Amino acid sequence: IRPALVFLSGWRGSGAVQPDLVRVAAVVELVRLATLVHDDIMDEADVRRSRRTAAREYGATAAVLLGDALFAHALHLATQFPTNEICAAVSESTRRVCAGEIVQTLRRGSTNITRADYQRIVDLKTAELFRVSCFLGARLAGFPADFVEAASHFGRHLGIAYQIYDDLVDFFGEEKRIGKTLGTDLASGKLTLPLLMLLERLPAGEATALASEITGERPPQLALRLRQMNEFGVFVAVADSVQTEVAAAQAALRDFAHQLPSASLLGLCDVLQAQVAGLHR
């Protein structure tokens, strides 16, 4: 998704893709891969992209080093541009992504998290790479500054929407189709929006029981919680939150229909909406 955002934001309508866009797309994807390797260690996940995770295949120690190496190589590629603008942007985004992961990790096993806390974590750990992908694509392609800014806003809101969708997938997705280990958020004490909304809707006794699962005091009851999410309308409420962010992403490009990238970028909103709809069968 992130390389696609680079290419689409920098689309000039010709058949050839600029080499600079290829390089910067590789940079953002390497940063993303590094975060996935580290995520899978913390989540004790077995599968990623339909294959055994690096942690399961080679052990946590080797996986940590692999993630570090991917980060380092991303920054090495970023230094190969003629100015330091790209490297500075990627470095700052990487710092923000890591900050988001740190905040989320420190909050694991805690129910003392507000909607605002959740939004901040998502903004940092997911939306930031979406944002910088759109910024870099539009910037390297030489688009006007107002469109570069609009594309950045589009990427941020699409990234928030995508993370909320991904949090839904952890409960409502199918592992074979998604290609990664699911059900890890509750098991690892990660309080995502579906769990936040379920806590708000459950009767006091059930909410206390769910809280004890999040804090690790009792084993997670994934099947029960999924059934309750359906019963208390959590899927619909979370899907509405996805739509709110999608609408904000669409609004960011409202005045830029004349720019070539806009139509393709907006098409990604349609894809995400279809994916959300496909979860609730």
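The dialogue that follows takes up helix packing, an aromatic pair, a pocket and a cavity.

Modeller: This is a predicted model, in which local features need pLDDT of at least 70 and side-chain atom pairs count only at pLDDT 80 or more, while totals for chains, interfaces and linings use all residues. Residues are numbered from 1 along each chain as its sequence is written, and side-chain values use heavy atoms, with hydrogens and water left out.

Biologist: Why is H2 called roughly antiparallel to H6?

Modeller: The axes of H2 and helix H6 (residues 115-140) come within 10 Å and cross at roughly 170°. Axes are lines fitted to C-alpha atoms, for helices over the stretch in contact, with angles running from 0 to 180 degrees between N-to-C directions; angles under 35 degrees count as roughly parallel, over 145 as roughly antiparallel, 65 to 115 as roughly perpendicular and the rest as oblique. H2 is therefore roughly antiparallel to H6. In the contact (heavy atoms within 4.5 Å), Asp20, Leu21, Val24, Val28, Val31 and Arg32 of H2 meet Leu129, Val132, Ser133, Leu136, Gly137 and Leu140 of H6.

Biologist: What makes H10 and H12 roughly perpendicular?

Modeller: Helix H10 (residues 193-201) and helix H12 (residues 222-231) have axes that come within 10 Å and cross at roughly 70°, and H10 and H12 are therefore roughly perpendicular to each other. Pro194, Leu195 and Leu198 of H10 make the contact with Arg225, Gln228 and Met229 of H12.

Biologist: Which label do H1 and H14 receive?

Modeller: Helix H1 (residues 2-9) packs against helix H14 (residues 261-279) at an angle of about 155°, their axes being 8 Å apart, which makes H1 roughly antiparallel to H14. Leu5, Leu8 and Ser9 of H1 meet Pro261, Ser264, Leu265 and Leu268 of H14. This contact has five nonpolar, two polar and no charged residues, where Ala, Val, Leu, Ile, Met, Phe, Trp, Tyr, Cys and Pro count as nonpolar, Asp, Glu, Lys and Arg as charged, and the others, Gly among them, as polar.

Biologist: Why is the pair of Tyr162 and Tyr165 called tilted?

Modeller: The structure holds five aromatic pairs. Tyr162 and Tyr165 have ring centres 5.7 Å apart and planes at 55°, so the pair is tilted: rings of Phe, Tyr and Trp (its six-membered ring) pair if their centres lie within 6.5 Å, and planes under 30 degrees apart count as stacked, over 60 as edge-to-face and the rest as tilted. Tyr162 and Tyr165 are three residues apart in helix H7 (residues 145-172), and therefore separated by about one helical turn.

Biologist: How do you know what lines the second largest pocket?

Modeller: On a 1 Å grid over the protein atoms alone, a cavity is a set of points where a 1.4 Å probe fits but cannot get out, a pocket is an open set with protein on both sides within 12 Å along at least five of seven lines, and lining residues have an atom within 4 Å of a point. By that rule the second largest pocket is lined by 15 residues, of which Val37, Arg52, Thr53, Ala54 and Leu66 lie nearest its centre. Its lining has eight nonpolar, one polar and six charged residues.

Biologist: Which residues line the second largest cavity?

Modeller: Gln104, Arg107, Arg108, Ile113, Tyr118, Ile121, Lys190 and Leu191 line the second largest cavity, and they divide into four nonpolar, one polar and three charged.

Methods
Helices (H or I, at least four residues) and strands (E, at least two) are DSSP runs, numbered from the N terminus.
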